[in-house]
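Please look over the sequence and the model shown here before working through the exercises. Each task is followed by a solution that goes step by step.

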Amino acid sequence: MAQLNKMKTITFVTGNESKLKDAQKFLSSDELEVIARKLELLEIQSHSQEEIVTHKVKQAHTLAKTAVIVDDTSFYIDLYPGFPGTLTKHVNSLLGLEGIIKLYDEGQSAYFLTMLCYKDENEEVIAKGVSKGRLTKKISNIFNPDAPLNSIFIPDGYDRPLSELSFELGLGNIHRLNAFKDLKEKIYT
């Protein structure tokens, strides 16, 4: 377990303000500040999210020379085990939402999986957060180009796409929030 009571700052390697706010919400305390730093990291191609985040966190730690957190979020359609998975961005850029919609039936189950990886001089910790739900073929009018799949993904327990829930209720990306909760449990001693 990390001894966060000895630390003052963790650097979250991201340029995304929304991700930083989530990290600060769940990890910041009187003894700990979470800051963001955008670094250019080489993202390897692998079907293993764990391999991707551990590779990224090692690079980030070497470059930042401080305790760091990196993240990776993948999207999975249950009908196709492992797909698109770690290739989510590539599949979306090639097919677009209209092409992805052709791959499934209305109501098909799917999930997002966010992995966070924390690294300091002494240890490396992986945390996970999942958001399960179902897919709709109707693209929401509330569309975020940074999270296009949120426009067709309806989280369990809700009747509207995540993009609408985020906009109207401030719900955020449930999977990322769950990953930060998991990380907090693992690194606070």
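This is a predicted model: local features need pLDDT of at least 70, side-chain atom pairs count only at pLDDT 80 or more; totals for chains, interfaces and linings use all residues.

Residues are numbered from 1 along each chain as its sequence is written, and side-chain values use heavy atoms, with hydrogens and water left out.

**Exercise 1. The whole chain**

Describe the secondary structure of the protein chain and its order from the N terminus on.

Solution. Begin with the count, which is five helices and seven strands, where helices (H or I, at least four residues) and strands (E, at least two) are DSSP runs, numbered from the N terminus. Next, read the elements in order, which gives β-α-β-α-β-β-α-β-β-β-α-α. Then turn to the overall form: the radius of gyration, taken over C-alpha atoms, is 17 Å, close to the 16 Å that the globule rule gives for 189 residues, so the chain is as compact as a globular protein of that length. That rule is 2.2 Å times the number of residues to the power 0.38. Along the principal axes, the C-alpha atoms fill a box of roughly 50 × 35 × 25 Å.

**Exercise 2. Burial and contacts**

State what share of the 189 residues is buried, and what share of the contacts with a separation of 6 or more joins residues 24 or more positions apart.

Solution. Buried residues (under 20% relative accessible area, with exposed over 50% and partly exposed in between, using a 1.4 Å probe and protein chains only) make up 50% of the chain. For the second part, a contact means heavy atoms within 4.5 Å, and residues 24 or more positions apart account for 61% of the contacts with a separation of 6 or more.

**Exercise 3. A loop residue**

Locate Q108 and work out which residues it touches beyond four places away in sequence.

Solution. Q108 is in the loop between α3 (88-101) and β5 (109-119), and with a relative accessible area of 17% it is buried. Leaving out residues up to four places away, Q108 touches I77, D78, L79, G133, R134 and L135. For L135, which is 27 residues from Q108 along the chain, the two C-alpha atoms are separated by 5.3 Å.

**Exercise 4. Paired charges**

Side chains of opposite charge can pair when their charged atoms come close. How many salt bridges does the structure hold?

Solution. A salt bridge is a side-chain nitrogen of Lys or Arg within 4 Å of a carboxyl oxygen of Asp or Glu, and the structure holds five. Take three of them in turn.

- K19 and D71 meet at 3.0 Å, N to O. The pair links distant parts of the chain, with K19 in helix α1 (residues 17-27) and D71 in strand β3 (residues 68-77), 52 residues apart, and both K19 and D71 are buried.
- R176 pairs with D22, their closest N and O atoms being 2.8 Å apart. R176 belongs to helix α5 (residues 174-187) and D22 to helix α1, 154 residues apart; R176 is buried at 6% relative accessible area, and D22 is buried at 11%.
- E43 pairs with K56 at 3.6 Å between the closest N and O atoms. E43 lies in the loop between β2 (33-37) and α2 (49-64) and K56 in helix α2, so the pair ties together parts that are 13 residues apart in sequence. E43 counts as partly exposed at 31% relative accessibility, whereas K56 counts as buried at 11%.
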